[in-house]
Amino acid sequence: MENVLRPLIVVGGAVVLTLLIGWVTDLLLRKADSRHSETPLWGLLRRGRVPYQLVLCTALLRGSYDQAELIREHRIAVGQVLTLVLIGSAAWLVVRIAAAVVDSTYDRYARVHHDAARVRRVRTQVSLIMRVVTAIVGVVAVAAMLLTFPAMRAAGASLLASAGVLGIVAGVAAQSTLANMFAGLQIAFGDMVRLGDTVVVDGEWGTVEEITLTFLTVRTWDERRITMPVSYFTSKPFENWSRGTPQMTGIVYWHLDHSAPLEPMREKLRDILRECPAWDGRDYGLVVTDSTPNTIQVRALVTAKDADDVWKVRVTVREQMITWLGAEHPYALPRVNTADAVLPPGGIIPSQDGSAGRRLHDPPRTGRD
């Protein structure tokens, strides 16, 4: 009877005590969250209740397993498994706590500062910091797990002795990976590109959707995703339309006839912009920038508060101006000018070889004439 009750009391007591402590801790976190609504820290810490209870249960079982006298012939193997689970759950809990602290700090910063560019910069830095912290905790946890095996501790001296050679080999083999990792840190803290920035890369216009330590994803206007290594942004030029102030100036071109009414077009442009909610009211203009024997090139300048609005203003102005010209001034649209040919005096067409020409209605000469 004792052989049955002893393991049941030890294992059941560890589980019950874990559930009781977890319930009390969760209750305290909920009360703290309701009292301190200005910060989401306490609510975010509740996300770590699963690894927290796993750490408690594993630690209690690891400390009291010898008293349970359960599966004595595999006592060392069971203790090793419990140790590995304890290290893994502790690393999981540390990552959850770090994520809660970082997210609460970012939320507080975003509520205090209303500058969208600064908020995006901090958001980019926070996301990359969390990835670095997760990677470091994961590496330390794996190293701690390996060191629990006696064979790994015995091999430590030889591994350290060959660390120089292995470091050189690993550095050469992972040169591109390490370059991307350092480029990711440079992007995060160098403020080159941020989450939500509007960029033009290789002729593609889009918004930065994701930044990691190795790659960056740009979501284009037609919902495509372009993924490229972050080292691209530290080695090649690219356009960042969100850098500095987000205000932008857009250009609209028309190719029109020489008789196009420029002053009425300026008045119509002003009317179109006044009715366009995307125009920020800063500036506008319309001038002739070029001319050809058949057409003139008319350019309109419009302004908007960001890249999305300037696109809306451009397409609105282009469409409504063309519609207005076709309805009110159709002669201003490009057309092919044709006219009857004017004959030279006497109606004689001169010959290219200097010989006598022919009249307009004469049949063409052949080599036998």
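**Figure 1. The aromatic pair of the predicted model.** The structure, a predicted model, holds 1 aromatic pair. Its members are Trp279 and Tyr284, whose ring centres lie 6.0 Å apart; the planes stand at 80°, so the arrangement is edge-to-face. The reasoning rests on the angle, since planes over 60 degrees apart are assigned to the edge-to-face class. In general, a pair of aromatic rings is described by the distance of the centres and the angle of the planes. Trp279 is buried, at a relative accessible area of 18%, whereas Tyr284 is partly exposed, at 34%.

**Figure 2. The hairpin of strands S7 and S8.** Strand S7 spans residues 279-291 and strand S8 spans residues 296-304; the two pair in the antiparallel sense over 8 bridges. A hairpin of 4 residues joins S7 to S8. Which residue of S8 is the bridge partner of Tyr284? The partner is Val302.

**Figure 3. The open sheet of five strands.** In this sheet, 5 strands follow the order S4-S3-S2-S1-S5, with antiparallel pairing. Strand S4 (225-229) and strand S5 (239-240) are the edge strands, each pairing on one side only. Strands of a sheet pair through backbone hydrogen bonds, either parallel or antiparallel. Strand S3, residues 215-220, pairs with S4 in the antiparallel sense over 5 bridges. Arg219 has Arg225, in S4, as its bridge partner.

Figure 4. Thr198 belongs to strand S1, which covers residues 198-201. Is Thr198 buried or exposed? With a relative accessibility of 7%, Thr198 counts as buried, because the limit for that class is under 20%. When residues up to four places away in sequence are set aside, Thr198 touches Trp205, Gly206, Thr207, Glu239, Asn240, Trp241, Ser242 and Ala307. Among these contacts are Glu239 and Asn240, and residues 239-240 make up the edge strand S5.

**Figure 5. A nonpolar patch on the surface.** Leu17, Leu20, Ile21, Trp23, Val24 and Leu28 form this patch, and together they present about 550 Å² of accessible area. One of them, Leu20, is placed in helix H1, residues 2-35. Leu20 has a relative accessibility of 48% and therefore counts as partly exposed.

**Figure 6. Ala116 and Gly196.** Ala116 is located in helix H5, which runs over residues 116-147. The relative accessible area of Ala116 is 45%, so this residue is partly exposed. How many residues separate Ala116 and Gly196 in sequence? The separation is 80 residues, while the C-alpha to C-alpha distance in space is 9.5 Å.

**Figure 7. The chain as the setting of the close-up views.** The secondary structure of the chain consists of 12 helices and 10 strands. The chain has 369 residues, of which 30% count as buried; Thr198 and Trp279 are among the buried residues. Its accessible surface comes to about 23,100 Å², and carbon and sulfur atoms account for 62% of that area. Of the contacts between residues at least 6 apart in sequence, 63% join residues at least 24 apart.

How values were computed. Residues numbered from 1 in each chain as written. Predicted model: local features only at pLDDT ≥ 70, side-chain atom pairs only at ≥ 80, totals over all residues. Heavy atoms only, no water. Buried < 20%, exposed > 50% of the residue type's maximum accessible area, 1.4 Å probe, protein only. Contact = heavy atoms within 4.5 Å. Patch = residues over 30% accessible without salt bridge, like charges linked within 9 Å, V, L, I, M, F, W, Y side chains within 5 Å. Areas by Shrake-Rupley, 256 points an atom, 1.4 Å probe, with all protein chains shown as cover. Salt bridge = Lys/Arg side-chain N within 4 Å of Asp/Glu carboxyl O. Phe/Tyr/Trp six-rings, centres within 6.5 Å; stacked < 30°, edge-to-face > 60°. Pairing = 2+ DSSP bridges.
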